[in-house]
Amino acid sequence: MSAPAQSVLPAALLAELYAGSGAGAWDMTLADFTALLEALVAKFASSGVGSAEAETFCRALKLEELALARACAAGHERAWETFLTRYRAKLYDMALGIAREQSAARDLADSLFADLYGTTLREGRRVSKLASYTGRGSLEGWLRTVLAQEFVNRYRRQRHTVSLEEKVEAGVQFAARVSEPVPVADSRLQQATAEVLSALDAEDRFLLASYHLDGRTLAEIARTLGVHESTISRRLEKLTRSLRKHLLTALSRRGMDRRQAEEALTVDVRDFHLDVRTQLTQENDPTAFSKQGLRARAGDARD
């Protein structure tokens, strides 16, 4: 029998993340938590990922919300009660914002609650939509996206069963918003993103494009620039924090309050009408980047 593959996530790191996630409160074992993180790394991180890159990926996850969602999906009643306390009112508010009508919003939210709880069975096991939440964005943002998608799906089903003439005769008002669900990025976020990315220097743009758009590993980027992998890891972590701070400031200047700005940042970059790749790859010449500059930016003068 062959030995099981060794995890790229160190045991000490897994124990730290497990404790911070609060998964133990929902009776999730460290072994189950480890298997969950390893599955997410295998699914979303670059192939041949190293321990430093895997750690960066896992630390960016919303681990407390992920543990709660997966516990609900597994049928943990206390976790479900906590979920309802935190999100029931928000879900109804979000549904009203999407459907624009009280009874339709209530029906939309109630339908989603059934899917989240898992009222259907597959091969004798309950099926909860919460099992598909991966923690890569906030749970609230994910719920809004799921609600909007269900609203669009309902509209499409209705469109196939009811003729246009019948709808017009019934006085139905057709709004352009129906074809574009709520999760599409706010134009202010796109403007703020363009502003913040345009202010980056060539080194920072190259790092972001290489890692997030081209899917290159930390080791590959480090070899290209002639520095240590840990230097790239630290630089990306600092750069991500800095970008978030500047984006929140830029959104505030455009009239968003703190909560709105935080929620706006949960939008997937693929929903943008902004060409992020062009913003990040213009005038990038990695041979012009200095090792000293990257080390200094990473806050580490040693390699």
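Which residue takes a positive phi just after H11?

A: Gly226 does: just after H11, its phi is about 75°. This is a predicted model, in which local features need pLDDT of at least 70, side-chain atom pairs count only at pLDDT 80 or more, and totals for chains, interfaces and linings use all residues. Residues are numbered from 1 along each chain as its sequence is written, and side-chain values use heavy atoms, with hydrogens and water left out.

Helix H11 itself covers residues 218-225; helices here are DSSP runs of H or I with at least four residues, numbered from the N terminus. Its buried residues are Leu218, Ile221, Ala222 and Leu225, where buried means under 20% relative accessible area with a 1.4 Å probe, protein chains only. Seen down the axis of H11, these buried residues fall within an arc of 100°, so they line one face of the helix. The arc is taken from the directions from the helix axis to the C-beta atoms.

As for confidence, pLDDT is the predictor's own figure for each residue, from 0 to 100. The protein chain has a mean pLDDT of 78, and 72% of its residues reach 70 or more.

Methods:
Buried means under 20% relative accessible area, exposed over 50%, partly exposed in between (1.4 Å probe, protein chains only). Helices (H or I, at least four residues) and strands (E, at least two) are DSSP runs, numbered from the N terminus.
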